[in-house]
Amino acid sequence: MFPAYDVIVVGAGHAGCEAAAAAANLGSKTLLVTMNMQTIAQMSCNPAMGGIAKGQIVREIDALGGYSGIVTDLSTIQFRMLNRSKGPAMWSPRAQNDRMLFHLKWREMLENTPNLDFYQDMVKGLLVKGGRCYGVITGMGHEIKAKSVVLTNGTFLNGIVHIGEKNFGGGRIAEKAATGITEQLVEQGFESDRLKTGTPPRVDGRSLDYSKMEEQPGDSDHTGFSFLDTEKPKQQRSCWITYTNQKVHDILKTGFDRSPMFAGRIDGVGPRYCPSIEDKINRFAERDRHQLFVEPEGWNTVEIYLNGFSTSLPEETQYEALRNIPGFENAKMFRPGYAIEYDFFPPTQLKYSLETKLIHNLFFAGQINGTTGYEEAACQGLMAGINAHQRATGKEPLVLKRSDAYIGVLIDDLISKGTREPYRMFTSRAEFRTLLRQDNADLRLTELSHTIGLASEERMTKVTEKKSAVEQIKKILKELPVEPGEINAWFEEIGSSTITEKQRAEKILLRPSVELPALAEALPKLKAALSSFTADSIEQAAIQVKYEVYIEKEKELVSRMSQLEELEIPETFDYKKIGSLGNEAREKLSRVKPRTLGQASRISGINPSDVQILMVFMGR
C-alpha cells in the first residue's frame with residue numbers, strides 16, 4: 001500500500017509543515033502523517049505570528065525558503081512593527097492572522113509542493129533496528145518505511161486537558177492524545193519529562209463593548225514578513241486593549257482551590273514568560289490590574305481571542321471573572337480556557353542537526369523538544385526537514401551558528417543548556433543581535449540555503465539585486481556633498497544643530513535625529529538620486545551606515561568567539577578520565593557531548609577553568 005519514503009514527518013503543526021515542505025522541496029520523497037487532515041497548521045493558541053525575537057525567526061525561515069512568512073502575509077488581518085522607538089536590532093514584526101485562512105493557505109501550499117504525500121492516521125511507534133530508525137507504525141497497523149523520520153508531536157504525546165477539577169486525554173480540546181511513542185523511546189534509553197501550556201477562553205465579539213477599550217490599529221506601512229512580493233491586505237482590523245481589576249482578581253481567587261495547577265493535578269512546568277492569569281495574580285500579588293489584548297480571530301468571524309487571560313480555572317469562575325472586565329460586562333463565552341500537559345524529551349539528547357544521539361535517522365522538532373510558540377516550532381521543523389533530507393541522501397547536515405541566526409541561538413541553547421520549562425525566544429538570548437536583525441535575514445541566510453538547493457533562484461536573484469542596490473546607495477551617500485544653505489533650514493525645523501561648511505550626506509545621516517527618508521525629502525537632489533531604489537534597499541543602506549561602528553565591533557567579537565567554535569572535540573572523548581575536572585563538569589560534558597569547545601563553554605555549570613583544562617587535554 002505504501003512505497004518507501006526518503007522522509008516521514010509525524011505531525012502537521014507548524015514544525016511538521018515546515019519539515020515536510022523543506023524535505024520535499026529539496027527533492028526527498030516525503031510523507032506527512034497527521035491524525036487530522038482538517039487541522040493542518042492549526043493555530044492552537046493565539047492567531048498571531050511574530051513578535052519580539054519571534055518576528056526575526058519568521059523572517060529567517062522565509063529567507064531560508066520556508067513557508068511561514070508567505071502564509072502569514074497571505075492571512076494577515078493586522079501588521080505592526082514592534083519596538084520602532086528602539087534601534088533596528090530590536091525591531092520585530094508581528095501579524096494578527098485569520099485563523100482559518102492561515103490553515104487553508106498552509107494546506108494549499110503543501111498540496112502544491114512536489115514530492116509530498118499525506119496520510120491521516122496516528123503514529124503509535126517507530127521501526128527501529130540496530131540503533132537506526134527506518135520508518136513508523138501507525139494506529140491502523142501500517143508499517144511505512146523511510147530513510148529518515150521527523151517527530152513533531154506538539155502537545156499530543158500523552159496529552160491531558162485540564163479545566164478546573166475536570167481532566168481528560170487530548171492533544172487539544174476535542175482532539176485525542178497520541179500514545180505509544182513516549183513509552184517506546186523511554187525503552188530505547190531516552191529521558192522524558194512533562195510540560196504544560198494553556199489557552200484563554202474564546203468569546204463572542206458581538207457581546208463586547210469596545211467603547212470601554214483602547215483601540216490598537218495596525219501600521220500604515222505594512223512591510224510583512226516574506227522577502228518575496230507577497231500580496232498584502234488593503235485594509236486591517238484593529239485589536240483592542242483592556243485591563244483586569246481587583247474585583248476580577250478576587251473572583252478568580254475563589255477558584256484557586258479547584259485549580260489543577262495549585263491543587264497539584266498538573267505535574268508539568270508551565271511557560272514562565274506566558275503565565276496563566278491565576279499564576280500572574282499569585283506571583284504578582286502587588287499588582288491591581290493586568291493588561292489584556294482583545295484580538296479578532298479573522299476577517300469573517302465574531303470569535304475573539306483574549307490574549308493575557310490564559311486559564312484552567314473552572315468554567316463558572318472564568319465566566320464570572322470575564323464579565324467584570326471593562327467592555328466584557330455582557331460577554332458570551334464560546335469555550336472556556338484550559339491547560340494541557342504533555343510529554344517532551346529534554347533536548348540535550350539531540351545533535352545540532354536535531355537528529356537524536358541515541359537513534360540514527362530520527363529527528364525531533366517543536367514542542368517535543370521543550371519549546372513554546374509557533375515560530376520556535378516552525379524554525380526547528382525547517383532545520384529538521386532539511387537535515388532529514390541531508391541524512392537520507394548521505395549529505396552533511398546544515399548547522400546554523402549563534403552568529404548566523406536566531407535559529408542558531410535557539411538550537412544551541414536547547415542542545416547545550418536543555419530546558420526544564422517551555423523555551424521561548426527573546427532578543428536578550430542573542431549576544432549578536434546587532435547582526436541578527438529582521439531586516440537583513442535574507443542577506444544572512446538565503447545564499448546559504450540556495451547552496452543546498454532550498455532557497456529558489458527568485459530569492460537568490462532578489463538578494464543579489466538588494467546587495468548591489470545597498471552598495472550603490474551607500475556610495476551615493478558617501479559622495480553626495482551638502483551645502484549649509486541646502487540643509488540648515490531643515491536642521492532648524494527638526495531642532496538639530498546647523499552646519500557652517502559643506503558635508504557629505506553620509507555624515508549627516510549619522511545624526512541620531514536624522515532618518516534617510518526624511519533627509520531625502522529635505523534634499524531634492526538626494527531624493528532624485530534614490531528614486532530608482534526600493535524602500536527595502538534604502539532602509540538597509542541607512543541601517544548599515546548609521547550603525548556601522550556597532551556592526552563592525554560585533555563582527556570582531558564573532559571572529560574572536562569563532563576560535564573556540566572551530567576547536568572540535570572528538571565524539572569519543574572520555575571526560576571521566578580527566579581528574580582535574582570537577583564531578584559536575586565531567587557529568588554534564590559526558591551527557592551533552594559538546595561538538596566544540598565553544599558549545600562546551602555554554603553548558604550550564606561549565607566554567608572558564610573547565611574549558612582551559614579541556615584545551616590542555618586536547619593539545620591546545
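A crossing is right-handed if the near helix is turned clockwise from the far one by less than a right angle. In this predicted model, that description applies to helix H12 as it passes helix H17.

The secondary structure of the protein comprises 21 helices and 22 strands. The radius of gyration is 26 Å, close to the 25 Å that the globule rule gives for 620 residues, so the protein is as compact as a globular protein of that length. Along the principal axes, the C-alpha atoms occupy a box of roughly 80 × 70 × 55 Å.

Helix H12 spans residues 457-479, and helix H17 spans residues 535-546. Their axes lie 9 Å apart, and the packing angle is about 55°. That angle makes H12 oblique to H17. The crossing of H12 over H17 is right-handed. H12 contributes Lys466, Ala469, Val470, Glu471, Ile473, Lys474 and Leu477 to the contact. From H17 come Asp536, Ser537, Ile538, Gln540, Ala541, Gln544 and Val545. By class, the residues of this contact are seven nonpolar, three polar and four charged.

A second pair joins helix H1 (residues 14-25) and helix H9 (residues 374-392). The two axes come within 7 Å and cross at roughly 30°. Angles under 35 degrees count as roughly parallel. H1 and H9 are therefore roughly parallel to each other. H1 also passes H9 in a right-handed crossing. On the H1 side, the contact is formed by His14, Ala15, Glu18, Ala19, Ala22 and Ala23. On the H9 side, it is formed by Tyr374, Ala377, Ala378, Gly381, Leu382, Gly385, Ile386 and His389. Nine residues of the H1 contact with H9 are nonpolar, four are polar and one is charged.

H9 also packs against H10. Here the axes are 10 Å apart and the angle is about 90°. H9 is thus roughly perpendicular to H10. Glu376, Cys379, Gln380 and Met383 of H9 meet Ile407, Leu410, Ile411 and Leu414 of H10. This contact of H9 with H10 contains six nonpolar residues, one polar residue and one charged residue.

Neighbours within four places in sequence aside, Arg420 is in contact with Glu191, Asp193, Leu195, Val269 and Pro346. The side chain of Arg420 makes a polar contact with the side chain of Glu191 at 3.4 Å. A polar contact also links the side chains of Arg420 and Asp193, again at 3.4 Å. Thr371 is 49 residues from Arg420 in sequence, and their C-alpha atoms are 9.9 Å apart in space.

Note on methods. Residues are numbered from 1 along each chain as its sequence is written. Side-chain values use heavy atoms; hydrogens and water are left out. Axes are lines fitted to C-alpha atoms, for helices over the stretch in contact, and angles run from 0 to 180 degrees between N-to-C directions. Helices (H or I, at least four residues) and strands (E, at least two) are DSSP runs, numbered from the N terminus. Angles under 35 degrees count as roughly parallel, over 145 as roughly antiparallel, 65 to 115 as roughly perpendicular and the rest as oblique. Contact means heavy atoms within 4.5 Å. Ala, Val, Leu, Ile, Met, Phe, Trp, Tyr, Cys and Pro count as nonpolar, Asp, Glu, Lys and Arg as charged, and the others, Gly among them, as polar. A polar contact is a pair of N or O atoms within 3.5 Å; within protein, one must be able to donate a hydrogen and the other to accept it, and residues adjacent in sequence count only if both atoms are side-chain atoms. The radius of gyration is taken over C-alpha atoms; the globule rule is 2.2 Å times the number of residues to the power 0.38.
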